[in-house]
Amino acid sequence: MEIKSVGVVGAGQMGNGIAHVMAVAGYDVLLNDISGEALEKAVATIRKNLDRQVSREKIAAEDRDAAMARIRTTETLTDLGETDLVIEAATEREELKNKIFETLVPSLKPETILTSNTSSISITRLASKTDRPERFMGFHFMNPVPVMSLVELIRGIATDQETYEACLAVVDKLGKTAASAEDFPAFIVNRILMPMINEACYTLLEGVGNVRSIDEAMKLGANHPMGPLELADFIGLDTCLAIMNVLHDGLGDTKYRPCPLLSKYVEAGWLGRKTKRGFYDYRGDEPVPTR
């Protein structure tokens with residue numbers, strides 16, 4: 001199956017990044033969100049990021065203009081029904097994703113491939129709520145999408161080979177690298193990454209080190225480009241907590257118990273960069289540790 005058009009559900013950080021790379025690769029993109037303001041912001045962000053790529057000579061100005069021309073937006077979810085591939089990139093809440101699929105599925109073409117950008121939720125379980133488990137799979141991009149070269153492809157128990165190969169061909173056309181993951185909680189990247197971030201939270205809670213010392217220790221001692229608490233703020237502490245809950249519930253092992261301090265920050269609404277406060281306070285000229 002040749003995929004020519006892509007529908008993206010959700011115009012947030014992941015959704016606009018996916019729309020960006022799809023348009024640059026030559027796909028016609030229809031970006032959906034319930035908020036017109038979010039769609040306007042997403043298009044402005046894509047334009048800004050494309051301008052940055054032009055200034056760094058990553059792409060030509062004419063390629064930027066062609067990519068922008070391929071992107072359309074809609075506040076009506078069912079408008080995505082005529083696309084060849086749909087990528088759901090909504091908030092990491094299973095009930096929300098299921099509601100989206102329930103609304104979207106009746107309008108889809110029989111051959112349309114339906115995928116989720118979920119970073120942790122069971123693909124088999126999500127697929128079972130649709131009319132096409134054979135044509136459903138996980139399509140997990142890394143953040144920020146235009147920069148990161150990895151895409152996790154996750155097959156549910158019913159995903160057929162044709163669907164997998166079609167999605168693999170899309171990854172190749174994007175110039176990215178696919179990693180095939182089995183349908184276990186959090187897949188590969190977050191199965192390893194999130195417990196490290198969670199352990200950094202415990203290290204902070206127990207007073208082993210403060211925010212700055214923990215991050216500096218991992219950057220200089222383990223050669224990580226970002227410290228774990230800085231990275232958590234970048235990802236979003238609510239997302240980190242949601243993934244830890246999926247790991248804890250899905251695998252039933254106490255080593256995945258979310259750190260109480262992480263839960264407390266989320267309860268306070270301190271979700272990281274997107275709310276201007278998390279393990280760092282971003283309201284000034286420079287980030288300042290909050291502990």
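## Basis of the model

Because the model is predicted, local features need pLDDT of at least 70 and side-chain atom pairs count only at pLDDT 80 or more, while totals for chains, interfaces and linings use all residues. Residues are numbered from 1 along each chain as its sequence is written, and side-chain values use heavy atoms, with hydrogens and water left out.

## Overall form

The protein has eleven helices and ten strands. Helices (H or I, at least four residues) and strands (E, at least two) are DSSP runs, numbered from the N terminus. The radius of gyration, taken over C-alpha atoms, is 19 Å, close to the 19 Å that the globule rule gives for 291 residues, so the protein is as compact as a globular protein of that length. The globule rule is 2.2 Å times the number of residues to the power 0.38. Along the principal axes, the C-alpha atoms fill a box of roughly 55 × 45 × 30 Å.

Of the 291 residues, 48% count as buried. Buried means under 20% relative accessible area, exposed over 50%, and partly exposed in between (1.4 Å probe, protein chains only). The protein exposes about 13800 Å², and carbon and sulfur atoms supply 50% of that area. Accessible areas come from the Shrake-Rupley method with a 1.4 Å probe; for residues, only the protein chains shown count as cover. Among contacts (heavy atoms within 4.5 Å) between residues at least 6 apart in sequence, 65% join residues at least 24 apart.

## The sheet

Eight strands make up an open, mixed sheet, in the order E3-E2-E1-E4-E5-E6-E7-E8. Two strands pair if DSSP finds at least two bridges between them. Strand E3 (71-74) and strand E8 (177-181) stand at the edges with a single partner strand each, so one side of each has no neighbour in the sheet. From one strand to the next, the twist averages 25°.

Strand E1 (residues 5-9) pairs with E2 in the parallel sense over five bridges, and Gly7 stands opposite Leu30 in E2. Strand E6 (residues 136-141) and strand E7 (residues 150-155) run antiparallel and are joined by five bridges; His140 has Glu152 in E7 as its bridge partner. Helix H6 (residues 161-174) lies across strand E4 (85-88), strand E5 (113-116), E6, E7 and E8, at about 20° to E6. Axes are lines fitted to C-alpha atoms, for helices over the stretch in contact, and angles run from 0 to 180 degrees between N-to-C directions.

## Helices H7 and H9

Helix H7 (residues 189-205) packs against helix H9 (residues 228-235) at an angle of about 120°, with the axes 9 Å apart. The residues of H7 that meet H9 include Leu193, Met194, Ile197 and Leu204. On the H9 side, Pro228, Leu229, Leu231, Ala232 and Ile235 take part.

Strand E2 (residues 28-32) is mostly covered, with four of its five residues buried. Asn32 lies in E2 and counts as buried at 4% relative accessibility. Beyond its neighbours within four places in sequence, Asn32 is in contact with residues including Val8, Gly10, Leu39, Thr74, Thr76 and Leu80.

Asp63 is in helix H3 (residues 61-69) and is partly exposed, with a relative accessible area of 42%. Asp63 and Asn32 are 31 residues apart along the chain, and 23 Å separates their C-alpha atoms.
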